[in-house]
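Subject: Structure handover

Hello,

Please find the structure below.

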Amino acid sequence: MNIAVLGAQWGDEGKGKIVDLLTPNFSIVARYQGGHNAGHTVYANGRKFVLRLLPSGILHDGITCVIGNGVVVDPQALFGEIAEVEAAGVKIGSRLIISDKAHLILPYHRELDVLSEARRGERKIGTTSRGIGPAYEDKIARRGVRVLDLRRSDKLRALVERGVAHANAMLEAGGGSERASVEETLESLAAISERLLALADDVGLSVHRALKSGAAVLLEGAQGSLLDVDHGTYPYVTSSNTTSGGAAVGAGISPMAIDAVLGVVKAYTTRVGHGPLPTEFQEPLQTQVRTLGNEFGATTGRARRCGWFDAVVVRYAARVNGLSDIAMTKLDVLDTLPKIGLCTGYEIEGSLHTEFPGDLSLLENAAPKYEWFKGWQQSTGEARKLSDLPAAARKYLDRIEELVETRITYVSVGTRRDQIIGL
Ligand code: IMP
């Protein structure tokens with residue numbers, strides 16, 4: 001059985017922990033989109049790991065980890081991360097394979113990311129400044145450089161010349177002072193080329209063969225469904241398809257090979273960066289929940305914006321992904337609150353919407369409608385089955401299941417591996 005595990009809100013749902021727990025049932029864990037903008041926090045062997053580009057399965061011996069063609073790879077970031085996990089005693093060896101069709105993030109992509117944000121003024125996206133968007137832009141504009149291009153130095157020079165020329169035109173037009181250089185870009189690639197090519201392969205083919213011989217694959221999403229470039233709160237999105245359709249494309253396998261899609265949600269909502277968040281808390285609740293949930297970005301350290309659980313959002317994510325199940329994380333963060341809000345619809349220009357609108361201007365004027373639940377005000381951290389949860393917490397979960405029309409199969413009640421219901 002092959003599954004996709006992905007975020008069903010705006011990212012940071014706690015996918016790392018869920019993937020880590022499910023990994024022993026699979027032989028391959030594959031990342032299919034995004035890059036080192038992701039920050040998957042996993043607590044394992046008494047340590048905290050923040051994985052950005054490496055699939056979370058890397059922490060388990062014997063699991064093959066794959067970086068698919070849909071991912072954009074910054075080689076320096078990749079090798080830095082490999083060094084970090086190896087220093088913590090994780091053995092990678094030949095367990096890591098990178099698609100030779102994956103596009104590279106080049107040094108000028110970072111410059112372009114920073115410059116394009118600066119130029120947006122008040123309409124900033126709030127990107128992670130890792131060059132993710134510009135690398136995907138070059139991919140779609142058909143001037144990207146792929147891992148496999150490192151194999152042919154003459155072709156590589158021509159591609160870099162084209163990329164640098166475009167980047168410099170953009171930097172100049174944008175009033176940036178930096179300029180990209182062909183020679184420096186080629187030098188930085190020469191420094192990593194041999195090592196990266198040693199990890200590179202036709203990932204789609206390897207995974208296809210593994211599937212044929214009975215292996216099971218877990219496709220690990222990054223960011224969240226509402227950050228999907230097609231289905232998210234465009235333009236306040238990332239530049240890839242985070243949803244389940246992207247899993248097949250980005251790993252190079254057939255959609256028919258995916259048997260189930262597990263959506264990870266937080267028991268409330270968070271988002272980093274700009275863009276609408278209809279259920280966003282006011283102060284002092286904002287600071288209170290941010291502190292309780294330690295809601296600071298794993299990659300950038302930015303404070304996350306927090307709000308009540310939005311069933312309109314998750315119901316939408318359930319539809320666009322075809323979610324078969326939900327894993328809810330951080331239920332314990334709500335333990336001390338006296339009352340808990342659950343958004344069931346939006347009032348927009350006098351009418352009630354229970355389906356998520358694609359038009360951002362509607363969303364910006366959405367007034368959330370809440371159902372209020374009595375807080376359970378007791379610790380859930382030791383619950384290991386649903387019946388261990390307080391009745392008030394079960395009521396909250398039941399209502400969410402009803403509204404999003406998807407069953408909640410796992411509930412995480414703390415950061416430790418054993419703090420989970422449903423496994
Ligand atoms: P980019 O992916 O760096 O281009 O950023 C685009 C948007 O996606 C910004 O709002 C980021 O804050 C958001 N984003 C990117 N990666 C993550 C993530 O891993 N978790 C949550 N938000 C993210």
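A polar side-chain atom of aspartate 12 sits 3.1 Å from a nitrogen atom of the ligand, a polar contact in the sense of a pair of N or O atoms within 3.5 Å. The side chain of threonine 128 places an N or O atom 2.6 Å from an oxygen atom of the ligand. From valine 272, a backbone N or O atom lies 3.4 Å from a ligand oxygen atom. The ligand alone exposes 470 Å², and the protein buries 97% of that (Shrake-Rupley areas, 1.4 Å probe).

This is a predicted model, in which local features need pLDDT of at least 70 and side-chain atom pairs pLDDT 80 or more, while totals for chains, interfaces and linings use all residues. Residues are numbered from 1 along each chain as its sequence is written, and side-chain values use heavy atoms, with hydrogens and water left out.

In total, 16 residues surround the ligand (a heavy atom within 4 Å). The closest are Asp12, Asn37, Thr128, Thr238 and Arg302. By class, this shell has 6 nonpolar, 8 polar and 2 charged residues (Asp, Glu, Lys and Arg count as charged; Gly is among the polar ones).

As for cavities (points on a 1 Å grid over the protein atoms alone where a 1.4 Å probe fits but cannot get out; lining residues have an atom within 4 Å of a point), there is 1 of 30 Å³ or more. Its lining consists of His109, Leu112, Pro134, Glu137, Asp138, Arg143 and His166, that is, 2 nonpolar, 2 polar and 3 charged residues. Helix α4 (132-140) gives the most to this lining, with 3 residues.

Regards

Conventions:
Polar contact = N/O pair within 3.5 Å; in protein donor to acceptor, adjacent residues only side chain to side chain. 1 Å grid on protein atoms, 1.4 Å probe; cavity = no way out; pocket = protein on both sides within 12 Å on 5 of 7 lines; lining within 4 Å. Points joined across faces, edges and corners; volume = space filled by probe spheres on them. Helix = DSSP H or I, 4+ residues; strand = E, 2+ residues; numbered from the N terminus.
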